[in-house]
Amino acid sequence: MKHFFRCPAARLAALVLLVASPVQAQLLSSPLGTPTPSKSGPAASATAGVSHGQGAGVHSPLSPFAPLPRRTDVVAWSVLTDVSTRVENRRIVPVYPQAVTALNQKTLRLQGFMMPLEAGEQQRHFLLASVPLTCSFCTPGGPESMVEVRTKTPVKYSLGAVVVEGKFHVLQNDPYGLYYRITDGVGVK
C-alpha cells in the first residue's frame, strides 16, 4: 500500500479528489449511485445517507463481477465493514462496534479476493479484499474492506475467491493504516 501513488490511475484519482468538491468526489467514487444532498450543503458529508457496511469495498449491485458466494463458515464482510472513524491527534482512527471487537484474537475464516504483496504463484503475505481487483496496483476499497494475511503455508494465487483461516486481529494503531490482520493463516477449500 505504500506504493499506492506509483499507479497512474491512483495518482489521477487522488488529483481528481483534491480538485473536486466533496459531492463531486463522492459521485466519482460511489458504487451506490448519486448521494442524497444534505441540508447543510455540499460541504457536509456526502455519505450521510450511506449506512455502515455499504461504502467502497462492499459489493455493489452495479458491479460487473459476481458477488462472493454465501458461506455460513466465514465472517461476513458486512460485519467487518461496519466501522466508523474519528479524528484523534490529526489522525483518522477506526471505531469498531462490539461485533467486530468480539472477533479479536479468535480463529476464524474469511472469504475474499487476493491482492498479492509478493511475487510468485504461491503467496504467504497478501491482502484479502471484499471485492475483486480491477487494477493490479489500486486498492478496491478502504481499510475496512481488506485484511492483511500472513500464512503458515503458501496459498496458491487465484483470481477467484479464496477462503483463509487463521488468528484474526483487530488493529488499533497500525502504522500502515490497516484495520485487520490474520496470522498463522491456511488456505481452506
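Q: Starting with the charged pairs, how many salt bridges does the count come to?
A: In this predicted model, the count comes to eight salt bridges.

Q: Okay, take Arg109 and Glu165: what is the N to O distance in their salt bridge?
A: The side chains of Arg109 and Glu165 meet at 2.8 Å, N to O. Arg109 lies in strand S3 and Glu165 in strand S6, so this pair ties together parts of the chain that are 56 residues apart in sequence.

Q: And is Arg109 buried, exposed or partly exposed?
A: Arg109 counts as partly exposed, because its relative accessibility is 25% and the buried class stops under 20%. Glu165 falls into the partly exposed class as well, at 26% relative accessibility.

Q: What about Lys156, which residue does it form a salt bridge with?
A: Lys156 forms a salt bridge with Glu121, and the closest N and O atoms of the two are 3.4 Å apart. This pair also links distant parts of the chain, with Lys156 in strand S5, which covers residues 146–156, and Glu121 in the loop between S3 and strand S4 (122–129), 35 residues apart. Glu121 is partly exposed, at 49% relative accessibility.

Q: How far apart are the closest N and O atoms of Arg150 and Glu148?
A: For the salt bridge between Arg150 and Glu148, the closest N and O atoms are 3.8 Å apart. Glu148 is buried, with a relative accessible area of 7%, whereas Arg150 is partly exposed at 41%.

Q: Switching to the fold, which strands make up the closed barrel?
A: Five strands form the closed barrel, in the order S3-S4-S5-S7-S6, and their pairing is mixed. From one strand to the next, the twist averages 50°.

Q: How many of the nine residues of S6 are buried?
A: Seven of the nine residues of strand S6, which spans 162–170, are buried, and the strand is therefore mostly covered.

Q: Let's look at Gln111: where is it, and is it buried or exposed?
A: Gln111 sits in strand S3 and is buried, with a relative accessible area of 6%.

Q: What does Gln111 touch, leaving out residues up to four places away in sequence?
A: With those neighbours left out, Gln111 touches Leu68, Pro69, Arg71, Val74, Trp77, Leu128, Ala161, Val162 and Val163.

Q: How far apart are Val100 and His169 in space?
A: Val100 and His169 are 10.0 Å apart, C-alpha to C-alpha, and 69 residues apart in sequence.

Q: Backbone next: what is the phi of Gln105?
A: Gln105 has a positive phi of about 70°, although it is not a glycine. Gln105 lies in the loop between helix H4 (98–101) and strand S3 (107–116), and this residue is partly exposed, with a relative accessible area of 42%.

Q: And Asp184, what is its phi and where is it found?
A: The phi of Asp184 is near 55°, again a positive value in a residue other than glycine. Asp184 is found within strand S7, residues 180–188, and is partly exposed, with a relative accessible area of 48%.

Methods: Residues are numbered from 1 along each chain as its sequence is written. This is a predicted model: local features need pLDDT of at least 70, side-chain atom pairs count only at pLDDT 80 or more; totals for chains, interfaces and linings use all residues. Side-chain values use heavy atoms; hydrogens and water are left out. Helices (H or I, at least four residues) and strands (E, at least two) are DSSP runs, numbered from the N terminus. Buried means under 20% relative accessible area, exposed over 50%, partly exposed in between (1.4 Å probe, protein chains only). A salt bridge is a side-chain nitrogen of Lys or Arg within 4 Å of a carboxyl oxygen of Asp or Glu. Contact means heavy atoms within 4.5 Å. Two strands pair if DSSP finds at least two bridges between them. Axes are lines fitted to C-alpha atoms, for helices over the stretch in contact, and angles run from 0 to 180 degrees between N-to-C directions.
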